[in-house]
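Please find below my notes on the model you asked me to look over. They are set out as numbered points.

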Amino acid sequence: MKNRYIENFEKSQIETQTANKTIPNFKAGDTLRLGIKITEGDKSRIQNFEGVCIAIRGNGVDRTFTVRKIGANNIGVEKIFPLYCSSLEKIEVLRIGRVRRAKLYYLRQRKGKNARIKEKRTNA
């Protein structure tokens, strides 16, 4: 149960963050490509981070999601992103995964083909 003033403030924060970008519906198991704005000195660029969403937590302004990818030398890299972050330029859903749980932390112990997630079939 939140204070109504805090709820109104959070609602206005969400409206200002989503005014210039669209946030797609995604869940754990989906493969995402995130465009992250990186500022180095006076220059800025957008770097893509592509991986599987393994968890979504929180609500409102505090909503965060964890993305896991396999980097160089088969080392797993996980990053936690706030959903309404100003450095997050775009979120793109590449594949919709078919999973049966909300948190996919078991993927940390899996390697190679065992770490794959089945893709959800679409009737098109």
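The points below go from the overall fold to the cores, the pocket and the salt bridges.

1. Basis. This is a predicted model, in which local features need pLDDT of at least 70 and side-chain atom pairs count only at pLDDT 80 or more, while totals for chains, interfaces and linings use all residues. Residues are numbered from 1 along each chain as its sequence is written, and side-chain values use heavy atoms, with hydrogens and water left out.

2. Overall layout. The protein chain has one helix and five strands, in the order α-β-β-β-β-β from the N terminus. Helices (H or I, at least four residues) and strands (E, at least two) are DSSP runs, numbered from the N terminus. Along the principal axes, the C-alpha atoms fill a box of roughly 50 × 40 × 35 Å. Of the contacts (heavy atoms within 4.5 Å) with a separation of 6 or more, 51% are between residues 24 or more positions apart. Of the 124 residues, 25% are buried; buried means under 20% relative accessible area, exposed over 50% and partly exposed in between, with a 1.4 Å probe and protein chains only.

3. Cores. A nonpolar core is taken as a set of buried Ala, Val, Leu, Ile, Met, Phe, Trp, Tyr and Cys residues joined through side-chain atoms within 4.5 Å. The largest has 14 residues, and Phe26, Leu32, Leu34, Phe65, Phe81, Leu88 and Ile91 have the most contacts inside it. At least two residues of this core come from each of β1 (31-40), β2 (43-57), β3 (64-70) and β5 (88-95). Another core, of six residues, lies apart from it and includes Ala28, Ile54, Ala55 and Ile117.

4. Two residues in detail. Beyond its neighbours within four places in sequence, Leu34 is in contact with Gln47, Asn48, Phe49, Phe65, Val67, Phe81, Leu88, Lys90 and Ile91. Thr31 is in strand β1 and counts as buried, because its relative accessibility is 15%. With residues up to four places away left out, Thr31 touches Gly51, Val52, Glu92, Val93, Leu94 and Arg95.

5. Largest pocket. A pocket is an open set of points on a 1 Å grid over the protein atoms alone, where a 1.4 Å probe fits, with protein on both sides within 12 Å along at least five of seven lines; lining residues have an atom within 4 Å of a point. The largest pocket holds about 300 Å³ of space. It is lined by 14 residues, of which Arg68, Ile70, Arg110, Gly112 and Ala115 are the closest to its centre. Strand β3 gives the largest share of the lining, three residues. The lining comprises five nonpolar, three polar and six charged residues.

6. Salt bridges. The count is eight, a salt bridge being a side-chain nitrogen of Lys or Arg within 4 Å of a carboxyl oxygen of Asp or Glu. In the pair Glu78 and Arg68, the closest N and O atoms are 3.0 Å apart. Glu78 lies in strand β4 (residues 76-82) and Arg68 in strand β3, so this pair ties together parts that are 10 residues apart in sequence. Arg68 is buried at 15% relative accessible area, whereas Glu78 is partly exposed at 30%.

7. Other salt bridges. Arg45 and Glu40 meet at 3.3 Å, N to O; Arg45 is partly exposed at 37%, as is Glu40 at 47%. Glu92 and Lys90 meet at 3.4 Å, N to O. Through shared partners, Arg33, Glu50, Lys90 and Glu92 are joined into one network of salt bridges.

Note on methods
Grid points are joined across faces, edges and corners, and a volume is the space filled by probe spheres set on the points. Ala, Val, Leu, Ile, Met, Phe, Trp, Tyr, Cys and Pro count as nonpolar, Asp, Glu, Lys and Arg as charged, and the others, Gly among them, as polar.
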